[in-house]
Amino acid sequence: MAREDIDFRSEGTTVRGWLYTPEGPGPYAAVVLAGGWCYVRELVMPYYAEEFASRGIAALIIDYRNLGLSDGEPRQHLDPWMQIRDYQNALSFLETRHDVDPDRLGAWGISYSGGHVVVLAAIDPRIQVIVSQIPVVDGYENMRRVHGTLGYRALWSRILEDRALRFGKHGERLHIPHATAEPAKDLSTWPFPETFHTFAALKEKEAPLYQNSSTVESVDLLLNYDIIPFARRVYDTPTLMIVAEGDDLTLWDLEIGAYNTLPTTKKRLHVLPHTTHMTLYSDRDKLETAAREAGSWFAEHLGR
């Protein structure tokens, strides 16, 4: 397979990524991949892209605007609808490629983007198939449950402080860690020490552009994020949802509830046993299992 550096404009801002193409002549089916909270393209996604390319499917990994090598300000700002539009503009970019079949396009997402691809299946008819892994389903419910009552109060206090700052001082804003080693002492968006340690190790080994930070406004936007109204509109798109057994970060009960909401009969739920949210990043065996499941689903539904 080959890997090509690419870039395209998304609402006037340059987005950069990698396009993996299989051996042999095209045009190929193609899948867009993008990451979750604060992810850059180096974070685990190349393993999935290589798996898809080995099955004859091109794979485009992007850095969202404001992250990684892509342009955009403010840095480390995560707007879910902006990210969804970056997915859509990545699809538009693929449609310009002579080596890609525009009638065989799919989308893959994990964690935050696992929710995004469900939205995409509802709103973009170019999407022929999706794989949603350990998706964020309902930001409000997720934040309330993972922070607990006192942590949730502290989170709201920080959000209101940021709103006042952005109103009073143009261009200034607060940031918040993605995760911390001691969440009982230090406020973060995802208050799990395993998240902090796993991403610190990935930054050291393979993703040096990862930053353990987002704007506080990103969390404000997360609280209004809910994929269920869109899941109800996925009537015909083949959908694989991969869930980690007992996932208490993005909450596997909410994920299974979202899966059950999908009206399409072309769906499958795959629960990975003895797995957590973070072991899908840190345990290569579990990552490879998920990649094979996703690759098989795309090959089944995007094959000629």
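The model is predicted, so local features need pLDDT of at least 70 and side-chain atom pairs count only at pLDDT 80 or more, while totals for chains, interfaces and linings use all residues. Residues are numbered from 1 along each chain as its sequence is written, and side-chain values use heavy atoms, with hydrogens and water left out.

**Exercise 1.** Find which residues line the largest cavity, and sort the lining by class.

*Solution.* 
- Start with the term: on a 1 Å grid over the protein atoms alone, a cavity is a set of points where a 1.4 Å probe fits but cannot get out, and lining residues have an atom within 4 Å of a point.
- Next, count: the structure has one cavity of 30 Å³ or more.
- The largest cavity holds about 80 Å³ of space, a volume being the space filled by probe spheres set on the points, which are joined across faces, edges and corners.
- Its lining is made by Trp37, Tyr39, Ser111, His178, Trp190, Thr195, Phe199, Leu249, Thr250, His277, Met278 and Tyr281.
- Finally, sort: seven of the lining residues are nonpolar, five are polar and none is charged. Here Ala, Val, Leu, Ile, Met, Phe, Trp, Tyr, Cys and Pro count as nonpolar, Asp, Glu, Lys and Arg as charged, and the others, Gly among them, as polar.

**Exercise 2.** Classify the ring pair of Tyr48 and Phe52, then follow Phe52 to Phe298.

*Solution.* 
- Rings of Phe, Tyr and Trp (its six-membered ring) pair if their centres lie within 6.5 Å; planes under 30 degrees apart are stacked, over 60 edge-to-face and the rest tilted.
- This rule gives 14 aromatic pairs.
- For Tyr48 and Phe52, the centres are 6.5 Å apart and the planes stand at 55°, so the pair is tilted.
- Both residues belong to helix H1 (residues 45-54), and because they are four residues apart, about one helical turn separates them.
- Phe52 also pairs edge-to-face with Phe298, at 5.1 Å centre to centre and 75° between the planes.
- That pair links distant parts of the chain, since Phe298 lies in helix H10 (residues 284-302), 246 residues apart from Phe52. Helices are DSSP runs (H or I, at least four residues), and strands are too (E, at least two), numbered from the N terminus.

**Exercise 3.** Is Arg104 buried or exposed, and what does its side chain reach?

*Solution.* 
- Apply the cut-offs: buried means under 20% relative accessible area, exposed over 50%, partly exposed in between (1.4 Å probe, protein chains only).
- Arg104 has 12% relative accessibility, so it counts as buried.
- Its side chain reaches the backbone oxygen of Pro27 at 3.2 Å.

Note on methods. On a 1 Å grid over the protein atoms alone, a cavity is a set of points where a 1.4 Å probe fits but cannot get out, and a pocket is an open set with protein on both sides within 12 Å along at least five of seven lines; lining residues have an atom within 4 Å of a point. A polar contact is a pair of N or O atoms within 3.5 Å; within protein, one must be able to donate a hydrogen and the other to accept it, and residues adjacent in sequence count only if both atoms are side-chain atoms.
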